[in-house]
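Subject: Structure for your review

Dear colleague,

Please find below the structure that I am handing over to you. I would be grateful if you could look through it alongside the notes that follow.

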Amino acid sequence: MGDDLIESYTGFRTISTGVVNGIKRPLLNGKFVYLFGPLDQGYWPDGLHLPPTLEAMVYDLELVKSLGMNLVRKHIKIEPDLFYEACDRLGLLVMQDMPSMRVHTNARPTDAEQAEFERQLEIMIKEHRNYPSIVTWVIYNEGWGQITDRYPEFHITDRIRQLDPTRLINSVTGWHDHGAGDYHDNHHYADPQCGTPFYSLPNTPYDSSRIGFQGEYGGLGHRPLDEHLWPVQAAVRTINETYEMHADEASYNYRAHVLFDLLRQQVEHFACSGAVYTQTSDVEGEVNGLVTYDRRVVRVDVTQWKADIQALYDAAAARA
């Protein structure tokens with residue numbers, strides 16, 4: 001265009017659902033692919049919402065990819081466009097959350113707030129639907145800002161299908177699931193309950209008409225050296241609120257292996273089609289990341305995690 005050279009790229013893929021050996025599954029290019037990756041919050045000590053550099057942002061994604069994960073769940077945040085381009089080029093699938101409305105205390109969102117939430121959701125989809133890495137839109141997370149005296153997720157799901165029929169919809173990840181969308185999504189820390197005949201409140205029993213999915217699990221914590229902590233006392237005081245704390249990295253990785261084995265068994269025996277491990281990096285007082293908040297220390301045993309993740313894919317392939 002004039003003196004400017006503009007380059008782009010094209011990605012081809014389909015994402016759909018189908019019944020494979022009697023179980024509803026996510027299908028990538030027509031084949032059941034087990035979805036596994038981290039809850040990716042995308043916060044930084046030297047940028048908060050914005051990565052300090054493009055290289056820093058891509059580092060997180062390359063770490064995820066190097067462990068054999070094929071997915072990131074972008075949690076309650078919309079990233080710069082370069083994030084989705086990087087996922088396209090790396091071959092990482094994205095479950096994209098809609099940022100939540102604030103959680104009202106003993107009050108539902110007003111009709112005006114709900115209308116604005118839905119308006120901005122449409123904008124998010126229209127602005128990002130050209131990125132092939134995005135395979136699922138997520139509407140509500142754990143009831144945050146979700147109206148429960150009626151079920152707006154049903155008409156929102158229908159509207160998303162009109163806007164973008166090429167992707168799946170996770171209408172409710174976690175609590176207050178009334179049957180909308182393509183996923184039945186369980187959250188349970190620390191151990192998973194993925195497509196299983198057992199569950200814990202406030203989750204609901206597995207719904208075989210939808211994809212059995214573990215939207216959040218894990219959350220194993222280990223306090224790093226002070227030099228790698230967020231140096232704010234209010235955040236430090238919350239460290240022990242992490243779902244499960246470990247004395248050292250050996251204990252952390254042992255427990256991760258146990259949880260991976262439980263998840264593998266749920267793939268083999270039940271209807272588990274994918275899972276999201278919490279989380280990519282520590283965030284302030286949340287010390288349960290694959291890597292510390294400053295990205296200086298990778299606490300996972302890479303060899304062990306790669307083997308455990310591959311075992312999930314192998315178990316899923318045996319059922320396909």
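Predicted model: local features only at pLDDT ≥ 70, side-chain atom pairs only at ≥ 80, totals over all residues.

Disulfide

A search of the whole structure finds 1 disulfide. The bond joins Cys194 to Cys272, with an S to S distance of 2.2 Å. The torsion about the S-S bond of Cys194 and Cys272 is about 85°, and the disulfide is therefore right-handed. This pair links distant parts of the chain, 78 residues apart: Cys194 belongs to the loop between strand S9 (183-187) and strand S10 (211-218), whereas Cys272 is in strand S13 (residues 272-278). Both Cys194 and Cys272 are buried. Another cysteine, Cys87, counts as buried because its relative accessibility is 0%, under the 20% limit.

Aromatic rings

Across the whole structure, the search finds 12 aromatic pairs. One of them is formed by Phe36 and Phe260, with 5.6 Å from centre to centre and 50° between the planes, and is classed as tilted. Phe36 lies in strand S4 and Phe260 in helix H6 (residues 249-269), so that the pair links distant parts of the chain, 224 residues apart. Phe36 is buried, at a relative accessible area of 0%, and Phe260 is likewise buried, at 2%. In the pair of Phe83 and Tyr84, the ring centres are 5.1 Å apart and the planes stand at 80°, so this pair is edge-to-face. Phe83 and Tyr84 are both buried.

Ring pairs also build a cluster, which links Phe36, Tyr217, Tyr252, Phe260, Tyr277 and Trp305.

Charges over rings

Tyr252, one of the residues in that cluster, has Arg299 over its face, at 5.9 Å from the ring centre. Arg295 lies over the face of Trp44, at 3.6 Å from the ring centre.

A loop residue

Val33 is located in the loop between strand S3 (31-32) and strand S4 (35-40). Apart from neighbours within four places in sequence, Val33 is in contact with Pro26, Leu28, Asn70 and Ser273. Val33 and Pro99 are 66 residues apart along the chain, and their C-alpha atoms are separated by 27 Å.

Yours sincerely

Note on methods:
Residues numbered from 1 in each chain as written. Heavy atoms only, no water. Helix = DSSP H or I, 4+ residues; strand = E, 2+ residues; numbered from the N terminus. Contact = heavy atoms within 4.5 Å. Phe/Tyr/Trp six-rings, centres within 6.5 Å; stacked < 30°, edge-to-face > 60°. Buried < 20%, exposed > 50% of the residue type's maximum accessible area, 1.4 Å probe, protein only. Lys NZ or Arg CZ within 6 Å of the ring centre and 35° of its normal. Disulfide = S-S within 2.5 Å.
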